[in-house]
Amino acid sequence: MNGMPSIRRKPFVRSLLMIAVLMLGPASAPAAELDAIVARGELVWAADQEGGGPHVFLDPDAPGRLTGFEVELAELLAAELGVQARFQQGQWDRLPLLLGRSVDCVINGIELLPDRRRDYACSRPYFAYGLQLLARRGGSLDSFERLCTPGPGGHWRVGVLTGSAAEAFLRSRHDLTVDVIGYDGTIDSLEQVQTGVLDAALMDDCIFNFYADRFAGLQAVGRSLGGGYYTVLTSRDTPKLSAAIDAALGRLIADGRLKTLYDRWDLAGRQQILALRDATEIPTAERRTVGQLVATTLPLLLSSAGMTVLLACLSFPLAIVAGLGVALGRLHGPAWLRPLLAASVEVVRGTPLMLQLYAIFFLLPKVGLALPALVAAVAGLALNYSAYESEIYRAGLKAVPIGQFEAALALGMTKWQALRHVIVPQAVRLVMPPVTNDFIALFKDTSVCSVITVIELTKRYSVLALSTGRILELAIVTAILYLAMSWPLSLLSRRFESRQEQRA
Amino acid sequence: MITIAGLGKSRGGVPVLADVSLRVEEGGVTAVVGPSGGGKSTLLRCLNGLETFDSGTVSIAGHGLAPGSHPPRLLERVRRDAGMVFQQFNLFANLSAVDNVALAPRVVAGIAVEDARRRAHGLLDRVGLGSFAAARPATLSGGQQQRVAIARALAMEPKVILFDEPTSALDPAMSAEVLEVIVDLARGGQTMVVVTHDHAFARRAATQVIELVAGRITRSGPPAAVLDS
């Protein structure tokens, strides 16, 4: 303990240290250059197997074996460099962040876009894709132009892969009456179109062609739009590696090996144009000053902070009421109800919030209950936290002296009158500090809701950080916003506590 | 007003009350005395159903209680007619003095809020605490709390009030102010059963005295006969 106090007493010094560590973080892990890769005999490439086919996915016939046209491409590229290919799993929209930390390149349907040209080294194109709009067979959405006028339910709800070119394309088209909803997996949006939660999905044509059999109820609407190219991402710190990959791709295109690969995967379609393409034909986005960055992102971050507040303020009152109900049921309800409530509390506490949100959002529609994302998010958070609140209330109710209950009964009150007028008000006061504490925790847990397409502050941060490449600056802005929200709650909680100490 | 016949109760095989029989006449004050652990409080709590008994019968304010657990509806009626004052006061910690007194008339008897509070103010005046209506229980002395508790019991206009060692947690000065209130009620003809260690009080206020030792009535009769022998 002797060495610690000097830092512990100075939280300011500690936070400075933290910021220093954050700033040093990325720089202190230099990317492996070509020589290092050859020396170690391995090219580590990153992709997201959850992204699915035909890119990278688990072989349904041999579970555990990774397959896909990009798996084969990675092996070809590695062979060209004279090394073995080794796969590294990552979440798709965060794959580029892995560059320079244990990963040499990213090969996973990464579209060649101006933002990516600014932040990473992009190889020449290795695949040409188109964007395809998909909707239910026989539905009212029969052409892309229909998206320009409102649908039967107002705005058309269109699902996309978060961070994909499809998302960027839809968001840039201000002439459309659509709500763009981002998903973490490519086929999640197809599922949601099938169950009717979404009106349509927009994705790379090769993905839908691959899954068309599985989603027989869906059809391609109109011809594929624009589109672009996939590129292999490498770090800008490894120019020799980038050049070697470019050259290797050139050889694979020139001698027809890439075409053979695409023929085997039935992807050949438009790939003959690859021989003529180069990364530099896509412009490089400009780097903005911190002032411009904050000016352009702050409104978005603030509105997402509003979503965070909305989620927390809608779900927590529900959690409190449900938690109190469960606690009362367990202590004073009929005998048959008590074990049921105890078991459900254990189930809810014993499973992750993310899983519960998934079940509510993706599984309930399969039994006919399709909840909008915001409703599902509020329901999930309320369900999860009600289990914790019920345990707090149970302790609080038991902490009220039995004499209070007897005195109420002795006046002729029923059990429920005694609880309502005497016991619960005292228990509520007792549990105020731990409940406020949980409210702060819930505030931060709202970030999990991004898995079911709700864009709150953390999700907005991660999307903006990836699209602007300004991870640290935006992290600081986001952290300040979170603190601005939770700080008043902390003060409130401390006030409750000191008031209780005075009472005791 | 109260008739107890052959009341018996045991806890874990040990008898707590054995063959207890007694009558309390309307307007009478019965003091229950005896050593600690003799079953005095248990007897009292059997009368308003806070505890059950194993054998015998209790008739209180026109309601009959049988051995074993009682139907909730019956208990609510018994307790409206039989108020109770506890050793530890048990004032509702979340309510002011006047709301402690007004709560049961409001939620149990269904009296309008203003009427209940008016009645509560009157009762606080009667126990000498008219100026403490807004005070929280924690800010009152023990004696003041017990007087509020008596006012709270009176608010339901019970036919009988059961006192469970009402002054045992109080110092002599505070005991005196509480006893003064109880003696005053006795003069007014309120039927009461008072479990107490205070023989002087029993002599002064009781119309009959019961001595309970090891769950049995060992002596009973007028105060002088029981306490002086």
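Guide: What follows is a look at one sheet in chain B, and then at one helix residue of that chain. This is a predicted model, in which local features need pLDDT of at least 70, side-chain atom pairs count only at pLDDT 80 or more, and totals for chains, interfaces and linings use all residues. Residues are numbered from 1 along each chain as its sequence is written, while chains are lettered from A and ligands numbered from 1 in the order in which they are written.

The sheet of chain B is open and has six strands, in the order β6-β7-β8-β3-β9-β10, with mixed pairing. Strands (E, at least two residues) and helices (H or I, at least four) are DSSP runs, numbered from the N terminus; two strands pair if DSSP finds at least two bridges between them. At the edges of the sheet stand β6 (82-85) and β10 (216-221) of chain B; each has a single partner strand, so one side of each is left without a neighbour in the sheet. Within the sheet, β7 (residues 160-164) and β8 (residues 191-195) of chain B run parallel and are joined by five bridges. In one of these strands, β8(B), B:Met192 is the bridge partner of B:Ile161.

Now the helix residue. B:Ala116 lies in helix α4 (residues 113-126) of chain B. B:Ala116 has 22 other C-beta atoms within 10 Å and is therefore buried (20 or more other C-beta atoms within 10 Å of its own, with C-beta atoms placed from the backbone). The C-alpha atoms of B:Ala116 and B:Asn100 are separated by 11 Å, and these residues are 16 apart along the chain.

Key:
A residue is buried if 20 or more other C-beta atoms lie within 10 Å of its own, exposed if 12 or fewer, and partly exposed in between; C-beta atoms are placed from the backbone.
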